[in-house]
Amino acid sequence: VMSGRRIRRIVVHCSAGPASQRAADIIAYHTRPVSRGGRGWKAAGYHYIVEADGTVVEAVGEEGVANGARGFNQDSIHICYTGGVDARGKAADTRTPAQKAALARLIAGIRKRRGALPAAGHRDLSPDRNGDGRITPDEWIKQCPCFDARAEYG
């Protein structure tokens, strides 16, 4: 286990854009001032971004805090794949075979370094509005990452 911040989970995201997006463009958008059309964040929203061809780009070092999901940034490692919407702009699992393989390798590597961390999708961090102990689709704040990350990566 590495020193530094205590990591409790891996959170999987989609960029909610075309699969052809480049990690550098996502990082620039997150960190560009709001006055120039960006989010104005100090750091990108993800530790790692997985591009369509399976390239993994580290956007924020694991010891740093990424702006992935409000309330879950101090103790999470955030991973994003480019894509997550179909041609009509609707939420869809658009992961390429290369992205699926890269995500599995990346998560396995993080667990090898940091222990058996649970993985969840961004949507799984939504509030449990009816208090039944489960986050159901009607409670999701957003669809991200557009597939069941808990079932796939546990």
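**Entry 1: strands and sheet**

I began with strand 1, residues 9–14, and found that 3 bridges join it to strand 5, the two strands running parallel. I keep in mind throughout that this is a predicted model. Within this pairing I looked up Ile10, which stands opposite Ala119 in strand 5.

I then traced the whole sheet, which is open, has 5 strands in the order 3-2-4-1-5, and shows mixed pairing. I noted that strand 3 (56–58) and strand 5 (119–121) stand at the edges, and because each has a single partner strand, one side of each is left without a neighbour in the sheet.

**Entry 2: cysteines**

I went back to strand 1 for Cys14, which lies in that strand and counts as buried at 6% relative accessibility. Leaving aside neighbours within four places in sequence, I listed the contacts of Cys14 as Tyr46, Cys80, Tyr81, Gly83, Gly84, Cys144, Pro145 and Cys146. I also checked Cys14 against Lys100, 86 residues apart along the chain, and their C-alpha atoms are separated by 12 Å.

With cysteines among those contacts, I asked how many disulfides the count comes to. The count is 0 disulfides. Cys144 is in no disulfide, and the nearest cysteine sulfur, that of Cys14, is 4.1 Å away. For Cys146, also in no disulfide, the nearest cysteine sulfur is again that of Cys14, 3.9 Å away.

Are Cys144 and Cys146 buried or exposed? I found Cys144 buried, with a relative accessible area of 9%, and Cys146 buried as well, with a relative accessible area of 14%.

**Entry 3: the largest pocket**

Last I looked up the largest pocket, in which about 730 Å³ of space lies. The lining is made of 30 residues, of which Arg39, Trp41, Gly68, His122 and Lys142 lie nearest the centre of the pocket. Which elements give two or more residues to this lining? I found strand 1 and helix 1 (23–31), and I noted that helix 1 gives the most, with 4 residues.

Terms used. Residues numbered from 1 in each chain as written. Predicted model: local features only at pLDDT ≥ 70, side-chain atom pairs only at ≥ 80, totals over all residues. Heavy atoms only, no water. Disulfide = S-S within 2.5 Å. Buried < 20%, exposed > 50% of the residue type's maximum accessible area, 1.4 Å probe, protein only. Pairing = 2+ DSSP bridges. 1 Å grid on protein atoms, 1.4 Å probe; cavity = no way out; pocket = protein on both sides within 12 Å on 5 of 7 lines; lining within 4 Å. Points joined across faces, edges and corners; volume = space filled by probe spheres on them. Contact = heavy atoms within 4.5 Å.
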